Structure formats: structure tokens, C-alpha cells
Amino acid sequence: MSRYADIVLPLAQPAYTFAVGEGVEVCVGDAVAVQFGKNAVYTGVVWRLHDTPPARGEAKPILKVLYDKPLLSELQMRFWEWIADYYICSVGEVMRVALPSIIKAKAKCEAEFEPYQPKREATINLVAEAFDDEVRAKMQRRAPKRYEALCELEKAGGVLPRYAVELDAAALKALQKAGLVEMGERDYKLDSEWSRTLLPKLSPAQSDAYDTIQRGLAEKRVALLHGVTSSGKTEIYTHLIEERLSKGEDVLFLVPEISLTTQLVERMRTLFGESVTVYHSKLTPQQRTRLYTDMLSSESGNFVVGARSALFLPFKKLGLVVVDEEHDSSYKQSEPNPRYNGRDTAIVLATLHDAKVVLGSATPSLESYANHLSGKYAYAKLTERYGGVEMPDIIVSDTVRNVKRNERKLHFNKELLDGIAERLANNEQVILFQNRRGYSPYMECPSCGFSARCPHCNVTLSAHQQRGRMVCHYCGYNEPIQRFCPNCKTSELKPMGFGTERVEEAISELFPEARVLRLDGDTATSGTAYNRIIGAFARHEADILVGTQIVSKGLDFAGVTLIGILNGDNLLASPDFRAEERAWQLIMQVAGRAGRRNKRGEVIIQTAEPQHSVYAMVGDYEQVASKLLAERKQFRYPPFVRIVKILMRSNDKENLVKSSLQLGEQLRNRFGGRVLGPVAPLIDRVRGEYRVELMLKIEVEASFSRARAILREEIARLREDKTYRNIAIICDVDIL
Ligand code: ADP
Ligand code: ZN
């Protein structure tokens, strides 16, 4: 028996060594309770067993081994290690996102420490006599309600968990009294039975794509399914999924956002039955814990639909991972560590399991597309919508010309105004897209130029008229909207620019008869609220849906024939190297919502820069992609280099600048011209903390693991200087 255990705690710290006491039996992967610091008992994971005492001090003992089996498999441990290594953080930080909070219980002292107890569930069981023909015949005649309940139970195999039972309570009681039914108990278990329903037959084009993917996956790990919106990518996924499930393998279906799971899960449940498991971070800790522990004790053959956190479930034999909308930037965790990309990490997980990956998108990321061009990924393309619906017409509307001709009203050019009027007259629906929520992004004084700013962040406050408040979109700080300029006290503040709230108001002014709904971060505050809004719009209880990015994702509305993009310039305004790629993908995604079923749709983009190449080429994926890839190559951006952003934060501005200059110098000594900065980012103060960034660009041909090792080394060296103790240093690998 080993005497020591290195244990990973859910902290930004390396593993610590604890003593394995006499008679304590632990395995690698076990969850244990340990005392760490004066006032904390943590759940940790045993990472390594050995006989080397710690270099300093005495190892504290493991207090308790939790659960009767390891929480992590070897494979999962390698997976966590890979993430920590690649994304430059600690394994403990991976643990923080990977395990549900209840499993990793924490307490002030041992007495208060309460690990998760796997639940037993109450069941209702049929007893043998219930199958007696005579008894049943009699019951059928005399007590049809009871008989019905009995049949329901029988259909379920004689045992049903009590919470799931929707049987007539009185009938059930009577059955129990008659001794035909007993109350029982069992370990709660995931019902992994799945009922095979007929999958939709693939069209010839889909069938070709399916074959291409299957052939490609025979040789390659990853296939990219590039199919325009509504081409039936989902149907192809379902056939691939069924094939894997029928072999008894696990399948993981990843979606970029939780809001998109509802519709998809419904669709999957009609095909694969109730066994489709949904997993994401908005489930309650109890629900997540239960799903995790259920899977721990279940066999393979699980089908999970989830957001990126589902990657950490204890799959036994993963056969396939589908990453839908693979281009979507919400796959990347932006804060806190690990800042991992769910799509890329999915490929790593699949490699560990020797499983296959299908990436799907109407607008593949340049990274994935380049991997197709280089032959690394298999590739299949669907160019037509299912059922032959045409792609919408894209019309670019010149805002400057509209203003000159006096044809722009409020925030709408003539083309869009006419378009909306026509749709309303025809009883068709319209979606209006504006990528800002709130009423206006800032309020300005026309006399002195004052605009209200957040006291904690270096940004203007956005006006939210319905709430009557000015809100910081970075930290949430808010204050009442002021009418008069607090600075010069002479003029009224004027709202500048416009967000979704103001668009909604303008519509009511211009088209008072139209029924309008708004879908943005302020109205879709929960999954229920989101579903309520899209449900109402789908039932045509409104004519116009105004929304932010949320409306570009996954929605399918039969009645929509016009989409207005109110400000294309906004999309291109960001200084980020991905601005154009994003704008283009967003326009294509939004366009995909129009004219889906029986009518050709129209997309009207309002812009002050109509000659911008992004509009001219927008519908031609290959052309835009090759133009952008050429630019990326020339200016050394991904996928030709890997970028690590090193973000430094502190309340102490002077020290921050000093430390960043020093780190910059250290890094330049090692990496030369591959280091950029330090520079202050566009928003250089958030929540009272100052920010400075450095950027490291590593050619893809070079060893990235070597580069990361050097980077870690130099950061550790900087940290040795105790005067920099109040500086936070965060690495963001493969920034999006
Ligand atoms: P995508 O995932 O590419 O956006 P969907 O899979 O949502 O496209 O398909 C668009 C619409 O066409 C859906 O309503 C879907 O039910 C229908 N559809 C696609 N393929 C088929 C098929 N083979 N048989 C029947 N309906 C299909
Ligand atoms: Zn703020």
C-alpha cells in the first residue's frame, strides 16, 4: 500500500501530497475528503499514489474516502490533464468545471462535511398475482380504472419509479390494498433503454453526404458536414447516432448554447425515446450530480445532448461526438479558467476514446475549413435546402443614400420600411436583428459632450428605458436614467445609437398595428422566458421579432419571409481580427431563418458602407473563405499561427504596467518578434481592475507544447518577484 497520495483540489493550485493512513484504502480516481488550509475541508481527487514524503512539512492525512467507486476513470484523468496543459491552467481548475458542485462538497470542518449520497428511489412494483388472467378479467369488468393502472405498470415491465407515475392515485391505492402492487425501492438508475423509431428517410443529396462522411470517417477522426441552413444536417446526424447507439456505444451531441437544447432534445426524444439525457450548467446541482453518478454506474449506450460541460461526463465507450454549429464562439469558455474550446476539446476526448467526430455548420469556422482543405478532415457538403426551398435574396441597403434622399425614418431605410409594410399586409412575419440590447448604448449631452460612464469599468452606460436605468454591460452596475446632464445642467441627455428596445419602440411608432416581440438578454432571462417568446412567435402571435444574436441561432419559423439587419457596420466595427469572419457568419446564419418552408425569403442589410466586400460575396462561402484565409496567412493569424493572450489584471495600475513590461521583456528574450504588447485593451478597466494584455503568436509548424512550457516558466519566474503578488496573470489559448 502506498503511503502518500497526490490529490487534486478544485483550486488554481498544483496537486498536494496527503498521507494515506493505516487501513485506509484508496485508488487513483477516488474522491476523498481532506483538510486544506485552516478552515476548509475539500473534496479532492486522488491523482497519484506513491511513497515519497513531501519535501517540506508533514503530510496531513486523508480524512475519508467518498463513494464506493472512483469518480474518474484513467481516461478522464488524461483528459483533464490535457486540458490543463493545453489551456495553461491547473488540473484543479479543470475539476471546478468538470464535476457538479455537490460531488465536490466543501465545508468548514470535517463534522460539517457532507458528501453526495446516491439516491435510492421509491418504486411501485407489480406482484406475481397481478398477472393472473382471472384476476385481470374480473378487474377489467368491475374496475376499469384499476385495470388501466395495472396495464400501465405492466407496460413498463412491472416496476416504475414512483415520481414518474402518473397513475390514478385512488386506483393505485386500491391495487395496493388488494395486494397486487407493492411499494419498493431501488438504486436510482438512468433508464438507458431506447426505443427505435423510424428515422426519416434521407433524400438523395443527404444520403450522398452520409456516405461520404462514413467513408471519410473510416480513415479520419473528424468529418466536417458543411450544409446550408435547413439542408437537413440534423437528419444526417440522427442516422450516424443511431448507428453508434445500436452498437452499444455512447454518443455525445454538443450544442453551443443551452437555449438551443430544448428544441433539439424534443426532436431527439421523438426519435430515440426518453433516454436522451440533457446535460448543461443550468441544471440544478442535484440534477447534474444525479446524471453524473448515474452514468458512473451505468453501462455504455448513453445518448447525451448538452453544452460543453457535458464533455466531462463519465462516458464508458464513446463512439461519436457531434458538434453542431461548430463555428459558434460560445463553444469557448471565456471566463474563468479553463478557457477551453468545447469543439476542439471534443476532438481530444474522441481521440482518447478512439471515437469519431462530426462537426456541422452552415458557415464552418476558417479553422475547420482549412483542415478540410489540407485533407485532415473528411468533408461533405449540402448545397440545397431540404425540399428545394430557395436561399433568401440578400439586399444591401445604402443608409447614407437613404439619409441624403430623406428616405430614412427613425432607424429604417426605405427598402426595409417597404419590405416590412408588404409583409404585414400579407400576414407574413419579419425578424429584425440588432446586436445591441437596451435602448441606446450611451447617453450624451449635446452641449458639453458628457456621457455617463461606469464607475468601475472604462465603458459608457447603456440606457435601458423599460427598467428606467443606465446599465454597465460589463459589471452590471446601474443607476437611474438622468434626464438632464449632471455635468453642465443645461441640456437634456440624448440617447445615442440604438439597441433592441429602441427598435421595438420605433416599430410601434411606424407600424402601430404590428404585434412585436423582443428576444434579447433582457427578455430571455431564463429558458422558460426564451421558450415563451419563440413559442408565441412560432404560433404567429406576433408579426415582428426584434432581437440580438439569439435570433440567429437554431430557430425555424415557417412564417418568416423578411429579415432586416439594422446595422451591418456595427458587426464589422470591432478591432478583432475575426470581425469580418463573424459578421459574415452572422449574416449567413440570420439569413438562414428566412423563407424556410414555402417561400423565398429576403434579407435586407442596412449599412453605410455598401461596397464592403463582405456583402458582395456573402453568399459564396468558398470565395469568402479563401479571401479571409489568404489575409490570415499574410498577417499571421489563425489557423496559420496559434495565439495565446496573456491577460494581466490588478487594482494597482502602476505595478501592473511595470510587471507587464517586465514579462514582455522576458518573453521577447525567448520568443523574439512573436510577442506583441503589452498594450491596454479597448476596455482597460473592468470591475475596478486595470487590464493589460500581451499576445504570443506561435507558428503552427513550431512546437506549441514547447512554447507553452517556456511561457509557464517565464510566468513562474515573474511570480517569484513578491512585489508582483497582487497581479493576476491569465492565459487564454486560441482566443476567439
Ligand atoms: P439543418 O439541421 O441543416 O438546419 P434540418 O435538419 O433542421 O436542417 O432540416 C430542415 C427541415 O427539413 C426540418 O423541418 C426537417 O424536419 C426537414 N427535413 C430535412 N431532411 C428531411 C428528410 N430526410 N425527411 C423529412 N424531413 C426532412
Ligand atoms: Zn461596470
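## How α6 and α7 cross

In this predicted model, the crossing of α6 and α7 is right-handed (the near helix is turned clockwise from the far one by less than a right angle). Helix α6 spans residues 204-219 and helix α7 residues 233-246, and they pack at about 45° with axes 10 Å apart.

As for contacts (heavy atoms within 4.5 Å), α6 brings Q206, A209, Y210, I213 and Q214, while α7 answers with E235, I236, H239, L240 and E243. Sorted by type, the residues of this contact come out as 5 nonpolar, 3 polar and 2 charged.

## The two faces of α8

Helix α8 runs over residues 261-272, and its buried residues are T261, L264, V265, M268, L271 and F272 (buried means under 20% relative accessible area, with a 1.4 Å probe and protein chains only). They sit on the same side of α8 because they cover an arc of only 125° around the axis, taken from the directions from the axis to the C-beta atoms. Covering them are, among others, α7, β11 (250-254), β12 (276-279) and β13 (303-306).

Turned away from that buried side are E266 and T270, both exposed (over 50%). Just after α8 comes G273, with a positive phi of about 85°.

## Ground rules

Residues count from 1 along each chain as its sequence is written, and chains are lettered from A and ligands numbered from 1 in the order written. Local features need pLDDT of at least 70 and side-chain atom pairs 80 or more, while totals for chains, interfaces and linings use all residues; side-chain values use heavy atoms, leaving out hydrogens and water.

How values were computed: Axes fitted to C-alpha atoms, helices over the stretch in contact; angles between N-to-C directions. Helix = DSSP H or I, 4+ residues; strand = E, 2+ residues; numbered from the N terminus. Nonpolar A, V, L, I, M, F, W, Y, C, P; charged D, E, K, R; others polar.
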